[in-house]
Amino acid sequence: MALSVANPSDFSTTWNTGDLASLLKGTDRPLPERFIYPEREGAASCEATLPTFDLSLLECGEEKKKLLPLVAEACAEWGFFQVVGHGVPKELLAEVMEAGYGFFSLPSHLKEKAAFGRTQGYEGTFAEHKSRAPWLEALTFTASSSAEHVASKVWPEHGNPAFCNAINTVNRSFVDLTRRITIILAESLGLGHDTFSCHFLSKKQSVRFNYYPPCPQPEMAYGVPAHTDPNCITILFQDEVGGLEIRAKDDTWVAVKPQSEALVINIGDSLEVWTNRKFRSVQHRVVLKKTQGRLSFGMFLVPNEVTVIEPPAHLIDKAHPPQFKPVTWEDYIDFMKAALMKGEPRPSFKDFASM
Ligand code: OGA
Ligand code: NI
């Protein structure tokens, strides 16, 4: 049965929101078939520390001139970098992780009280993949599935003020951080500082926990299979377990070494389109561990629905003709929903914008 994005009530019949840890509990069953990716590519060839920048040095002074070209290079070569000196307190990041572990360790019947439909609230395995599912539980907060809404369902007596406070505070911090980073990215390309940053609305941004439970056969499954992010940039905070891998230019997979307090930034398809491919939206995936669960938390920055995503004139010349047609985020969402309704795979933003 095709997944209907317009009708979240389909959720209960078409989605297995089940919690993965309990799926196998008390049994010696092998991994259910839908979690097995037969064509799964091999392991990462090496582990690397991503180019890491101190955000405070990128925002002023002499160092900035030296560092901006290195940021542009990281975005062109890797599509990924890390920031430290970002000002998000480590205590806050610890509280966010605690809130996430607290939620995912609840029994599944409680977590499922926060299952509000596609890409909102709690999701177990993704029906979109039907015969194929990543080994992942997620909790997404949007304007209509706020931390308070989740807490009122899961902890009906008193909500959960510590949980809500951590999510709402980090949400505000990440919105501010995305503004600072999009300014730096524009400057690194020699563009006016607000070229990108004036096109985002805080209330449109969503944050998501990804929880990857321990997996009995990690070499057969994926936490998330290879994909690019459709949005502009993603900010990701991860625990120390590791599992994020990115596709290097030579097509091999490189494991990202977790670095405490660093935030991973990656370029999404919308920014690749917006920069006429000066920046690359690079494939990445998440691999699993047999004995350790892993938690990550991210913000996926999306532009205003009406902003026309097309490269600034400065990035176009004879040697660099336009690579994409001008599109809006809203056009993409409509196109994607229509494809999903027809039971087709989710189209990528890059393919949608291709000329
Ligand atoms: C994503 C993603 C990576 C991670 O959610 O799009 O790539 O490490 N997550 O959780
Ligand atoms: Ni991703």
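**Exercise 1. The metal site**

Which residues coordinate the nickel ion (ligand 2), and at what distance?

*Solution.* Start with the ground rules. This is a predicted model, in which local features need pLDDT of at least 70, side-chain atom pairs count only at pLDDT 80 or more, and totals for chains, interfaces and linings use all residues. Residues are numbered from 1 along each chain as its sequence is written, chains are lettered from A and ligands numbered from 1 in the order in which they are written, and side-chain values use heavy atoms, with hydrogens and water left out.

Step 1. List the donors, meaning N, O and S atoms within 2.8 Å of the metal (3.2 Å for Na, K and Ca); water is not among the atoms, so sites may look incomplete. The nickel ion (ligand 2) is held by H227 through NE2, D229 through OD and H284 through NE2, at 2.1 Å.

Step 2. Read the spacing. Along the chain, the donors of the nickel ion (ligand 2) follow H-x1-D-x54-H. H227 sits in strand β7 (residues 224–227) and H284 in strand β12 (residues 284–286), so this pair links distant parts of the chain, 57 residues apart. Helices (H or I, at least four residues) and strands (E, at least two) are DSSP runs, numbered from the N terminus.

Step 3. Check accessibility. Buried means under 20% relative accessible area, exposed over 50%, and partly exposed in between (1.4 Å probe, protein chains only). H284 is buried because its relative accessibility is 6%. H227, at 23%, is partly exposed.

**Exercise 2. A residue beside the site**

*Solution.* Step 1. T228 belongs to the loop between β7 and β8 (233–238).

Step 1. T228 and H284 are 56 residues apart along the chain, yet their C-alpha atoms are separated by 6.5 Å.

Step 2. Count as contact any heavy atoms within 4.5 Å. With neighbours within four places in sequence left aside, T228 contacts D269, S281, V282, Q283, H284 and K350.

**Exercise 3. Two helices**

At what angle do helix α4 and helix α8 pack?

*Solution.* Step 1. Axes are lines fitted to C-alpha atoms, for helices over the stretch in contact, and angles run from 0 to 180 degrees between N-to-C directions. Helix α4 (residues 61–77) and helix α8 (residues 161–188) pack at about 95°, their axes 8 Å apart.

Step 1. Classify. The angle makes α4 roughly perpendicular to α8. The classes are under 35 degrees for roughly parallel, over 145 for roughly antiparallel, 65 to 115 for roughly perpendicular, and oblique for the rest.

Step 2. Name the contact residues. From α4 come K64, L68, V71, A72 and C75; from α8 come I184, L185, E187 and S188.

Step 3. Sort them. The contact of α4 with α8 has 6 nonpolar, 1 polar and 2 charged residues. Here Ala, Val, Leu, Ile, Met, Phe, Trp, Tyr, Cys and Pro count as nonpolar, Asp, Glu, Lys and Arg as charged, and the others, Gly among them, as polar.

**Exercise 4. Buried residues and their partners**

*Solution.* Step 1. R247 lies in strand β9. L50 is in the loop between β1 (46–48) and β2 (52–54).

Step 1. R247 counts as buried because its relative accessible area is 18%. L50 is buried too, at 5%.

Step 2. Beyond four places in sequence, R247 touches E41, T252, W253, V282 and Q283. On the same terms, L50 touches W78, F80, F81, Q82, I246, V256 and V264.

Step 3. L50 and P258 are 208 residues apart along the chain, with C-alpha atoms separated by 9.2 Å.

**Exercise 5. Backbone and cysteines**

*Solution.* Step 1. Recall the background. Most residues other than glycine have a negative phi.

Step 1. D251 has a phi near 80°. D251 lies in the loop between β9 (244–247) and β10 (253–256), and is exposed at 52%.

Step 2. R277 has a phi near 70°. R277 is in the loop between α9 (269–274) and β12, and is partly exposed at 40%.

Step 3. A disulfide is a pair of cysteine sulfur atoms within 2.5 Å. The structure holds 0 disulfides. C46 is partly exposed at 39%, and C198 is partly exposed at 46%.
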